[in-house]
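Here are a few exercises to work through with the model open beside you. Try each one before reading its solution.

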Amino acid sequence: MTLEVFSANAENAHKYIVSPSILSADFSNLKSEILKTYNFGAKWCHIDVMDGHFVPNITIGAPVVKSLNEVLPKDIKLDVHLMIENPLKYIPDFIKAGSDIITFHIEASCDTTEDCISLIKEAGILAGVSIKPNTPVSLIEKFIPLVDMVLVMTVEPGFSGQKFMADAAKKIKEVKSLAKDNLIIQVDGGINAETAKICADYGANCFVAGNYVYKSPDIEIAINSLLD
Ligand code: DX5
Ligand code: ZN
């Protein structure tokens, strides 16, 4: 499954996956905003789900994922980042809605981490586990062989447009040292061409970018600067 995701880009042979975060998009024109990034080569679409409890912000839920899944090209990967308490309870809704990748936070899953992973994998989609900037890699170590993706946050989750936390990015090296070959190592928070390069050197191969892509005067240049 993981390799399939990479080979979906085979004709373009891009080295990295770019997943623009719609948190910085114009929510009144979501479909056309996403199609813009897709047409410039970003084949993933990062959807930030926040509940006002796990993070101090509220965004969108499964009905929006469902609507997007119905109107977007089938080869766009809906990359759902759950920043919510009790992910196990809500994962089925996001599976039903048509997510291609579901990532939840280790700080929120407590003793249900393995159940969350199994639920996502049994649905035939990719499972990701994420750590906040101050969470050590040791907390996810035993789950790394079970997941398709690890998401290292380089800002405190909750808002787009924050400053990249360089120390948090260093944890990518540790994840990389524990990773099987095809693990997707995603980084999210304050990503631009410069910070993506730092993360790529540490071993990241998938970049989430909100402000840098959607608020850019030239979206095509911004995406290309992250793709290879
Ligand atoms: C923050 C979200 C991010 C956010 C990134 O909690 O998880 O995906 O949209 O935005 P930028 O790239 O602007 O930091
Ligand atoms: Zn995110």
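**Exercise 1.** What does the accessible surface of the chain come to, and what percentage belongs to carbon and sulfur atoms?

*Solution.* First, the ground rules: this is a predicted model, where local features need pLDDT of at least 70, side-chain atom pairs count only at pLDDT 80 or more, and totals for chains, interfaces and linings use all residues. Residues are numbered from 1 along each chain as its sequence is written, chains are lettered from A and ligands numbered from 1 in the order in which they are written, and side-chain values use heavy atoms, with hydrogens and water left out. Now the surface: it is about 9,800 Å² (Shrake-Rupley method, 1.4 Å probe). Carbon and sulfur atoms hold 52% of that.

**Exercise 2.** Find the residues that touch the most other members of the largest nonpolar core.

*Solution.* Begin with burial: 54% of the 228 residues are buried (under 20% relative accessible area; exposed is over 50%, partly exposed in between; 1.4 Å probe, protein chains only). A nonpolar core is a set of buried Ala, Val, Leu, Ile, Met, Phe, Trp, Tyr and Cys residues joined through side-chain atoms within 4.5 Å. The largest has 62 residues, and Ile22, Ile47 and Phe207 touch the most other members. Leaving out residues up to four places away in sequence, Ile22 touches Phe27, Leu30 and Tyr214, among others (contact: heavy atoms within 4.5 Å). A second, separate core has seven residues, including Trp44 and Leu126.

**Exercise 3.** Is Gly203 buried or exposed?

*Solution.* Locate Gly203 in the loop between helix H9 (193-202) and strand E8 (206-209). Its relative accessibility is 14%, so Gly203 counts as buried. Then check its neighbours: beyond four places in sequence, Gly203 touches Ile172, Lys176 and Ile185.

Definitions and conventions
Helix = DSSP H or I, 4+ residues; strand = E, 2+ residues; numbered from the N terminus.
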